[in-house]
Amino acid sequence: MSHHASGPNFGFPRGDARLDMTDLYAFTKPGDPSKSIIVLNVHPSFRLDSPEPTTIEPFAPGALYEIKIDTNGDDIADICYSVQFASSEDGNQAATVRRLQGMQAAGVGEEGEVIVQQAPVSVGREAVVTEAGAYRFFFGWRSDPFFFDVNGNFNHMQFTGDDFFADKNVCSIVIELPNSALGGNEVGLWARTVDKTGEGWIQADRGGRPMQAVFLVGEEREAYLSGEPANDDRFISVFAHELEHTGGYTPEDAIGVARKLLPDILFYDPRRPASFPHNGRTLTDDVVDVFFSILTNGKVTGDKVGPHDDLLDEFPYLGPPHAVSFARSIRPLFRAVDISHMNSYGIKLDDYTFMSNPDNANKVLGTLSPHDGDPPSMPPGGPYWTAAQLALFAQWQKDGYQP
């Protein structure tokens, strides 16, 4: 998990999957070296430790999804692209993108130059692209390009090449921009999600380099995710301890490696070919092999998994989202008591033929929702409520359900 499930116990930051940053990519636009592509992926569609899907709402309304750019090497943002989403009454989402500079870029807030407003968020297979001057944007569900044998990792790094992410989705923010808009040739990039609460803005997640925020933060996870790259020196000893424990490094060597991994910034120069870990990161870079070689001090050099074959040759480059599977995505949510209870209402929660019918999907949602001033037949908030939304949501997909 590159940065997936970076919260406690392989959960989500602040308990909200929509705020979970999964990956950051930066590479030169194919066929046009004067422009760059930045991809920020968030909101994994599934938990790592459970068959339960996450919410169908792509982004957290009101929260900020930010790409920070350091142009002078002091590990403090000089430019920031900040994306904020709003939901309409019909559940559709739209994005506003702001460009902040100077002190505003280093801070947090709803200020800055508005680049685009009311840009639609994609929920289907077709990518809805928004153009604004020299920029192009995409927001919405996509196939997760990250590849990793997660189960092999949990089995004492006995990798078999089973790619956990082959059928998973994420929510993507993709920006095409002129290299000049980066503010410099050699820049440092990182991303973060910031939640708006009654007490103000709270940073939920952040990162630039893949993997290390999950594997190397030890008991300092909360402090790390809420921190800033400029202060990452305080985590050198934490990283070194994990490197000693896992890789058998000497204390001196562990500190040396930790210093190379921090600050948690992805360095990128658009004048040179992108390839992690030396310059930026492409959608096909095998970051897992690179990281495990470092983590284990060369004892483990790969997980036998390669890039996905559904990537696109054109913007937004990530493949279309995988269709919702009844057997994989919905049926595991229901307990025997849920199935038995809803049978009395004529709803067959465990029957693919029943649940894949659009009229029945609407019946499921209507039964499990408050209506006519009466409470729902089963109160919302439980797993049956999530599945009811998925049942209806699947009908909005171009390809609908899979068995």
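**Notes on the model**

Reply: Starting with T96, this residue lies in strand β5, which covers residues 93-101. Keep in mind that the model is predicted.

Me: Is T96 buried or exposed?

Reply: T96 has a relative accessible area of 13%. It counts as buried because that value is under the 20% cut-off.

Me: And what is T96 in contact with, sequence neighbours aside?

Reply: Beyond four places in sequence, T96 has contacts with S82, V83, Q84, V114, V116, Q117 and Q118.

Me: Switching to sheets. What is the strand order in the open sheet of five?

Reply: The order is β1-β2-β9-β8-β7, and the pairing is antiparallel.

Me: Which strands stand at the edges?

Reply: Those are β1 (21-28) and β7 (129-132). Each has a single partner strand, so one side of each is left without a neighbour in the sheet. From one strand to the next, the twist averages 15 degrees.

Me: How many bridges join β8 to β9?

Reply: Eight, between residues 135-143 of β8 and residues 169-178 of β9. In that pairing, S143 is opposite N169.

Me: What about β10 and β11, how are they arranged?

Reply: They make a hairpin, with two residues between the strands. β10 spans residues 187-197 and runs antiparallel to β11, with seven bridges joining them. T193 faces D205 across that pair.

Me: Is G208 buried or exposed?

Reply: Buried, with a relative accessible area of 2%. Leaving out neighbours within four places, G208 has contacts with M21, L24, L189, W190, D264, I265 and L266.

Me: How far is G208 from Y25?

Reply: Their C-alpha atoms are separated by 8.6 Å, although the two residues are 183 apart along the chain.

Me: Now the core. Which residues touch the most other members in the largest one?

Reply: Y65, F139, F148 and F292, in a nonpolar core of 85 residues. There is also a second, separate core of 11 residues, which includes V324, F326, M342 and L349.

Me: What does F139 have in contact, sequence neighbours aside?

Reply: The list is F59, V83, F85, A95, V97, A119, P120, V121, S122, S172 and I173.

Me: How many aromatic pairs are there?

Reply: The count is 20. One of them is F291 with F292, 5.9 Å centre to centre. The planes are 85 degrees apart, so the pair is edge-to-face, for which the angle has to be over 60.

Me: Are those two buried or exposed?

Reply: F291 is buried, at 5% relative accessible area. F292 is buried as well, at 1%.

Me: Which residues form the aromatic cluster with F291 and F292?

Reply: The cluster consists of F146, F148, F159, F164, F165, F215, F291 and F292. Of these, F148 and F292 also came up above among the residues that touch the most other members of the largest nonpolar core.

Me: Last topic, cysteines. How many disulfides?

Reply: Zero in the whole structure.

Me: And C80 and C171, buried or exposed?

Reply: C80 is buried, with a relative accessible area of 1%. C171 is at 0% relative accessibility and also counts as buried.

Methods: Residues are numbered from 1 along each chain as its sequence is written. This is a predicted model: local features need pLDDT of at least 70, side-chain atom pairs count only at pLDDT 80 or more; totals for chains, interfaces and linings use all residues. Side-chain values use heavy atoms; hydrogens and water are left out. Buried means under 20% relative accessible area, exposed over 50%, partly exposed in between (1.4 Å probe, protein chains only). Contact means heavy atoms within 4.5 Å. Two strands pair if DSSP finds at least two bridges between them. Helices (H or I, at least four residues) and strands (E, at least two) are DSSP runs, numbered from the N terminus. Axes are lines fitted to C-alpha atoms, for helices over the stretch in contact, and angles run from 0 to 180 degrees between N-to-C directions. A disulfide is a pair of cysteine sulfur atoms within 2.5 Å. A nonpolar core is a set of buried Ala, Val, Leu, Ile, Met, Phe, Trp, Tyr and Cys residues joined through side-chain atoms within 4.5 Å. Rings of Phe, Tyr and Trp (its six-membered ring) pair if their centres lie within 6.5 Å; planes under 30 degrees apart count as stacked, over 60 as edge-to-face and the rest as tilted.
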